[in-house]
Amino acid sequence: MKCSHPLVLGAAAVISTETDAFTFKSTSSRNLHRGGSSLLEAAPGEHITFAKYEGLGNDFILIDDREREAPSLTPDQSERLCNRNFCVGGDGVIFALKAPEDGDYDFTMRIYNSDGSEPEMCGNGIRCYAQFLKDLGADQKSYRINTLAGLIIPEMKEDGNICVDMGEPILDGPTVPTTLAPNSEGNSVLEQVHTCNGKEWKISMVSMGNPHAIIFVDDLEKDIDFEKDGPALESDTSVFPAKTNVEFVQVMSPTHLKMKVWERGAGPTLACGTGTCALVVAAIRAGKIPRPGKEGVRVTLPGGDLFIEWREENNKVYMTGPATLSFQGSAVLK
Ligand SMILES: N[C@@H](CCC[C@H](N)C(=O)O)C(=O)O
């Protein structure tokens, strides 16, 4: 059954939901509207065509900029688009851009967090990106995506899930980056003690292109004051010079972890793909769980489950989970 009904969100956006068909209009018409230039950024009052996707409730506004080399929206405009009261709402804006000519890539992905800051990578975002490409008609089994964290390869599975080759984790402390003293193999930071917000934490640092501070707790509901500890740790630039994403993790069984995430530049979200990969690496390294085989580790996030494999033969991390179109529409830029 097809269900298409326009909604008016204040003066900000006209949305149409499509439950059985994808009729997304590419931005080429928008670029023509701007005199044909693909270099100009969007102007206030202009209508921005978008599609909204979510991966386990981590939600993104996707913009088809495949004719462009750089995002058509500024960080400020993206922040306004992410406002849940005054515009579309989302944890970030993701731009589908053309691939650089000098590399073996299909497309480029850039993303702005909901506060306008630019992270290097986004795990749930890249699954949404792959689904967006498929819905736009670029129907490939896998995509070689150029990101600020390097090559990332999402693969479309028969069951509708997307398995992403997330590359190798970065453990070297200064590269993550953190100034916490390395205390483990490979110059890495593993359960290093640090005081923040008046409390002592044991912090493990892992980068999946973007930085993650992982903290194991006995009880996710009782042991942290999430709304206060999360932002205090995120912005503790005395040890996290680029700020950090913060994952609190409870071990449920040798193959099942549970997490709560406070994201850099977005605050509490329902899921974080890069964070989930990072925490599985940290859990294995810290001896919290054994290294599982191909079946991977199940991680329960507030928005649902992701499955993570840290493959011994190539040191790469693989993340499997869903990505779903929520709606598509046109928003007026303020
Ligand atoms: N939700 C994302 C991560 C998005 C970027 C992050 N907030 C950062 O600033 O590093 C994911 O699924 O990985």
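Trainee: How many residues surround the ligand, and which are the closest?

Mentor: Please keep in mind throughout that this is a predicted model. The ligand is surrounded by 15 residues, and the closest are Asn58, Gly123, Glu263, Gly273 and Thr274.

Trainee: Which polar atom of glycine 123 lies 2.7 Å from an oxygen atom of the ligand, a backbone or a side-chain atom?

Mentor: In glycine 123 it is a polar backbone atom that lies 2.7 Å from a ligand oxygen. Side chains take part as well: an N or O atom in the side chain of asparagine 245 is 2.9 Å from an oxygen atom of the ligand. Glutamate 263 places a polar side-chain atom 2.8 Å from a nitrogen atom of the ligand.

Trainee: Let us turn to the backbone. Which peptide bond is cis?

Mentor: The general idea comes first: most residues other than glycine have a negative phi, and most peptide bonds are trans. Here the bond from valine 176 to proline 177 is cis, with omega near 5°. Proline 177 sits in the loop between strand S9 (162-165) and strand S10 (192-196).

Trainee: Where is leucine 56, and is it buried or exposed?

Mentor: Leucine 56 belongs to the loop between strand S3 (47-55) and strand S4 (58-65). Its phi is positive, about 55°, although it is not a glycine. With a relative accessibility of 10%, leucine 56 counts as buried, because the cut-off for that word is under 20%.

Trainee: What is the phi of asparagine 187?

Mentor: Asparagine 187, a residue other than glycine, has a positive phi near 60°. Its place is in the loop between S9 and S10. The relative accessible area of asparagine 187 is 39%, so this residue is partly exposed.

Trainee: How should I read a pair of strands, and how many bridges join S10 to S11?

Mentor: As a general idea, the side chains in a regular strand alternate between the two faces of the sheet. In this model, S10 and strand S11 (residues 199-207) run antiparallel and are joined by 5 bridges. The two strands form a hairpin with 2 residues between them, and asparagine 197 in the turn has a positive phi of about 55°. S11 is also joined to strand S12 (residues 211-216), by 4 bridges, and these strands run antiparallel. Within this pairing, serine 204 has isoleucine 214 in S12 as its bridge partner. S11 and S12 form a hairpin with 3 residues between them, where glycine 209 in the turn has a positive phi of about 100°.

Trainee: Which residue of S11 stands opposite histidine 194?

Mentor: Tryptophan 201 does. Histidine 194 itself is found in strand S10 and is buried, with a relative accessible area of 11%. Its side chain makes a polar contact of 2.7 Å with the side chain of aspartate 236. Beyond four places in sequence, histidine 194 touches several residues, including Leu180, Lys199, Ile203 and Val239.

Trainee: What is the relative accessible area of aspartate 65?

Mentor: For aspartate 65 the value is 0%, and the residue is buried. Aspartate 65 lies in strand S4, and a polar atom of its side chain is 2.8 Å from the backbone nitrogen of serine 72.

Trainee: Where is aspartate 305, and which side chains make polar contacts with its own?

Mentor: Aspartate 305 lies in strand S17 (residues 304-310) and is partly exposed, with a relative accessible area of 24%. Its side chain is joined by polar contacts to those of arginine 298, at 2.6 Å, and threonine 300, at 2.9 Å. Leucine 56, discussed above, is among the residues in contact with aspartate 305.

Trainee: Finally, which residues touch the most other members of the largest nonpolar core?

Mentor: In general, nonpolar side chains of soluble globular proteins tend to be buried together. The largest nonpolar core here has 56 residues, of which Met109, Tyr129, Met166 and Leu257 touch the most other members. Helix H5 (residues 273-285) gives the most to this core, with 8 residues. Domain 1 (47-161 + 324-332) and domain 2 (173-315) each supply at least three residues to this core. Another core lies apart from it, with 19 residues, among them Leu180, Trp201, Leu220 and Phe226.

Technical notes. Residues numbered from 1 in each chain as written. Predicted model: local features only at pLDDT ≥ 70, side-chain atom pairs only at ≥ 80, totals over all residues. Heavy atoms only, no water. Buried < 20%, exposed > 50% of the residue type's maximum accessible area, 1.4 Å probe, protein only. Polar contact = N/O pair within 3.5 Å; in protein donor to acceptor, adjacent residues only side chain to side chain. Contact = heavy atoms within 4.5 Å. Pairing = 2+ DSSP bridges. Core = buried A, V, L, I, M, F, W, Y, C linked by side-chain atoms within 4.5 Å. Domains from an automatic or database assignment. Near = heavy atom within 4 Å.
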